[in-house]
Amino acid sequence: LLAAPLLGPAAYSQVDTTRFAEVDSRLEEYFRALERESVEVKNEECDFLISSTSDSLLRQRVALRCYNHFKESPLMGDEAVAIHLTDKWFSTGKVEMENSVALIDAKIFAEFNRRSLLGCQAPLMEMAHTGGVKVRVGEPCGSYSVIYFYDTSCAKCRLESVLLRSFLENNSVRIVFYAIYTGLDRQAWKTWIGDRLDVSNPSTKVLNLWDPSIDSDYQRKYGVLSTPRMFLLDRRGVIVGRGLDVESLSALLERYSRDHDYV
């Protein structure tokens, strides 16, 4: 649909920096045109674009530009396209990445994110609550679920937790909030809970969890390579938000709570 005009009728026999600049500019237009399309359409368009490029250097350029765009896209869900490109083009050797390190990074990104994409059933995890009781995270619980990974040494987590506490105290939608500490200091964890995650709103159930030995494999299941990291699950345990901040969490909860399918 959009790929053919980008390439033009003639094959690229010689690829130079001028050609690359022209292609890059056309690709940016292409990405903007695709913004409102589904992940499936984006996958198909990228595949068609790459497969229609006969010159190997230009094909690599186009594939890498597509990969980097969707991996770094601010649009929630676009990272699924980057994972698709890794699986279909880079991991198979049909298109080479810049070097072996870049390929390893792409494979790691795919492995650590493919199970927590939008529309996926949330991966199940078992973790210990503050009292030592085991809690299953990710299973349907009759209300919305928020999964929040944080570390007490993370400056961004400190700010996000202040905003989260204010939001949770005033939230009117019934939710279960799983606050998962990713560090190793038990005392720092308990101090943090008292100072930043003490919530008294009856609409919000807060469960403070810890898995210092990472037996739950939460890093791989939810792509927790840095903090903070936050997900929203609907009442069926399906991921409907990922990579959220407090503002986007609030907007999504308001949207879904108005939808009769989720009442």
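**How do the helices cross?**

In which hand of crossing does α5 pass α6? α5 passes α6 in a left-handed crossing. A crossing is left-handed if the near helix is turned anticlockwise from the far one by less than a right angle, and right-handed if clockwise.

**The model**

This is a predicted model, where local features need pLDDT of at least 70, side-chain atom pairs count only at pLDDT 80 or more, and totals for chains, interfaces and linings use all residues. Residues are numbered from 1 along each chain as its sequence is written, and side-chain values use heavy atoms, with hydrogens and water left out.

**The whole protein**

The protein has 10 helices and 7 strands. Both are DSSP runs, numbered from the N terminus: helices are H or I with at least four residues, strands are E with at least two. Along the principal axes, the C-alpha atoms fill a box of roughly 65 × 40 × 30 Å.

Of the 263 residues, 47% are buried. Buried means under 20% relative accessible area, exposed means over 50%, and partly exposed lies in between (1.4 Å probe, protein chains only). Contact means heavy atoms within 4.5 Å. Take the contacts between residues at least 6 apart in sequence: 72% of them join residues at least 24 apart.

**α3 against α4**

Helix α3 covers residues 39-51. Its axis comes within 9 Å of the axis of α4, and the two cross at roughly 160°. Axes are lines fitted to C-alpha atoms, for helices over the stretch in contact, and angles run from 0 to 180 degrees between N-to-C directions. α3 and α4 are therefore roughly antiparallel to each other. The cut-offs are simple: under 35 degrees is roughly parallel, over 145 roughly antiparallel, 65 to 115 roughly perpendicular, and the rest oblique.

The crossing of α3 with α4 is right-handed. On the α3 side, K42, C46, L49, I50 and S51 take part; they meet R59, V62, A63, C66 and F70 in α4. By class, this contact of α3 with α4 has 7 nonpolar, 1 polar and 2 charged residues. Ala, Val, Leu, Ile, Met, Phe, Trp, Tyr, Cys and Pro count as nonpolar, Asp, Glu, Lys and Arg as charged, and the others, Gly among them, as polar.

**α4 against α5**

Helix α4 (residues 56-72) packs on α5 at an angle of about 150°, with the axes 7 Å apart. That makes α4 roughly antiparallel to α5. The crossing of these two helices is left-handed.

From α4, the contact uses R59, A63, L64, C66, Y67, F70 and K71. From α5, it uses E79, V81, A82, L85, T86, W89 and F90. The residues in this contact of α4 with α5 divide into 10 nonpolar, 1 polar and 3 charged.

**α5 against α6**

Helix α5 spans residues 79-90, and helix α6 spans residues 100-113. They pack at about 125°, and their axes are 9 Å apart. That makes α5 oblique to α6.

E79, A82, I83, T86 and F90 come from α5. Their partners in α6 are L103, A106, K107, F109, A110 and N113. The contact of α5 with α6 has 7 nonpolar, 2 polar and 2 charged residues.

**Buried and exposed residues**

Two residues of helix α7 (residues 155-170) stand out here: S161 and L168. S161 is buried, with a relative accessible area of 0%. Leaving out residues up to four places away in sequence, S161 touches Y148, W192 and R196. L168 is also buried, at 0%. L168 and L197 are 29 residues apart in sequence, and their C-alpha atoms are 9.1 Å apart in space.

N208 sits in strand β5 (residues 204-210). At 7% relative accessibility, N208 counts as buried. Beyond its neighbours within four places in sequence, N208 is in contact with A128, H129, T130, A179, W189, I193 and L197. S100 lies in helix α6. S100 is exposed, with a relative accessible area of 53%. The C-alpha atoms of S100 and D198 are separated by 46 Å, and the two residues are 98 apart along the chain.

**Cysteines**

How many disulfides does the structure hold? The structure holds 0 disulfides; a disulfide is a pair of cysteine sulfur atoms within 2.5 Å. C154 counts as buried at 12% relative accessibility. C157 counts as buried at 0%.
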